[in-house]
Amino acid sequence: MPDIAPSPGGVRVARIVTAGTFDRPEGALTLENNTWVIGDDTECLVIDAGHDGRAIVKSIPREQRVQGVLISHGHFDHIDAVGEVCDGTRAPAHLHPEDRFLWDELYPVTPDAALADGQVLTVGDVELHVIHTPGHTPGSCCFHAPALGVVFTGDTLFPGGPGATRHDYSDFDTIIESVRTRLFTLPADTVVLPGHGDSTVIADELPHLQEWVDRRW
């Protein structure tokens, strides 16, 4: 994770890495996920909560009130610990309505709040802007914090390309359009903090857009 300077009010970004193993017909799959925590000494927002809710809750200081758990998209590895984190912190879960069908595969209850494109959430002295970026899933969202120069991209953008579009509800052309028009219009020095793996910056990825279009992944 790069060194991200805190805001004047002390809002900073922390990463919690969790892992889970899942059985599939073709063999077991082990996934490592990034859970991001953005906040100051008194309050924070959690972005995605996968695999190990207990570890996520224990990583957040008791004096740091969790205002909400923001979900970049509804895939199980990004939401399977949301219930435990929300129960442990009494924080509401925020999900874009177009990914409700994925949420319903795991949870029998309704998400507490709906994310919307252009919505602005505030933590400390930092605004977090919701950017709807469909393609990986219909309701995928990214979260841009201009004051910190970062964007949390879930599975929409990684170092080296966009997220996978192998599901029948995913679409390659749609995710490319989301990256092109919603993410590549951010300042070039914006740090990209994805849902898995390492970070990158917009300037490093922008020149490769046509390569991704040509290879179709």
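This is a predicted model: local features need pLDDT of at least 70, side-chain atom pairs count only at pLDDT 80 or more; totals for chains, interfaces and linings use all residues.
1. Start with helix 5, residues 172–183. At 1.5 Å a residue, its 12 residues should span 16 Å, and the end C-alpha atoms sit 15 Å apart, which agrees. At the start of this helix, a side-chain oxygen of Asp 171 comes to within 3.3 Å of the backbone nitrogen of Asp 173.

2. Now look at which parts of helix 5 are hidden. Phe 172, Ile 175, Ile 176, Ser 178, Val 179 and Leu 183 are its buried residues. Viewed down the helix axis, they fall within an arc of 155 degrees, so they line one face of helix 5. The cover over them includes strand 9 (141–145), strand 10 (150–154), strand 11 (157–158) and strand 12 (161–162), along with helix 6 and helix 7 (209–215).

3. As a general point, an α-helix has 3.6 residues a turn, so residues three or four places apart point the same way. Arg 180 is partly exposed, with a relative accessible area of 39%, and Glu 177 is partly exposed too, at 40%.

4. Salt bridges elsewhere: the whole structure has 6. One of them joins Glu 43 and Arg 65, whose closest N and O atoms are 3.6 Å apart. Glu 43 belongs to strand 3 and Arg 65 to strand 4, so this pair ties together parts that are 22 residues apart in sequence. Glu 43 is buried at 16% relative accessible area, while Arg 65 counts as partly exposed at 49%. Another salt bridge links the side chains of Asp 104 and Arg 100, at 2.6 Å from N to O.

5. Glu 205 is worth a stop. This residue sits in helix 6 (residues 202–205). Glu 205 is buried yet has no salt bridge, and the nearest side chain of opposite charge, Arg 215, is 7.7 Å away. What does its side chain have, then? A polar atom of the Glu 205 side chain lies 2.9 Å from the backbone nitrogen of Gly 160. Residues that Glu 205 touches include Phe 158, Pro 159, Phe 184 and Trp 212.

6. Helix 3 (residues 82–89) has Val 82, Val 85 and Cys 86 buried. Seen down the axis, these fall within an arc of 95 degrees, so they line one face of helix 3. Asp 87 and Gly 88, on the other side, are exposed. Among the elements covering the buried residues are helix 1 (53–59), strand 4 (65–70) and helix 4 (100–103).

7. A few backbone angles deserve a check. Just after helix 3, Arg 90 takes a positive phi of about 60 degrees. His 51 is not a glycine, yet has a positive phi of about 75 degrees; His 51 lies in the loop between strand 3 (43–47) and helix 1, and is buried at 17% relative accessible area. Arg 216 has a positive phi near 70 degrees; Arg 216 falls in the segment after helix 7 and counts as partly exposed, at 45% relative accessibility.

8. Last, there is His 144 in strand 9. At 10% relative accessibility, His 144 counts as buried. Its contacts include Glu 127, His 129, Val 151 and Leu 186.

Terms used
Residues are numbered from 1 along each chain as its sequence is written. Side-chain values use heavy atoms; hydrogens and water are left out. Helices (H or I, at least four residues) and strands (E, at least two) are DSSP runs, numbered from the N terminus. Buried means under 20% relative accessible area, exposed over 50%, partly exposed in between (1.4 Å probe, protein chains only). Lys and Arg count as positive and Asp and Glu as negative; His and the chain ends are not counted. A salt bridge is a side-chain nitrogen of Lys or Arg within 4 Å of a carboxyl oxygen of Asp or Glu. A polar contact is a pair of N or O atoms within 3.5 Å; within protein, one must be able to donate a hydrogen and the other to accept it, and residues adjacent in sequence count only if both atoms are side-chain atoms. Contact means heavy atoms within 4.5 Å. The expected span of a helix is 1.5 Å times one less than its number of residues. The arc is that of the directions from the helix axis to the C-beta atoms.
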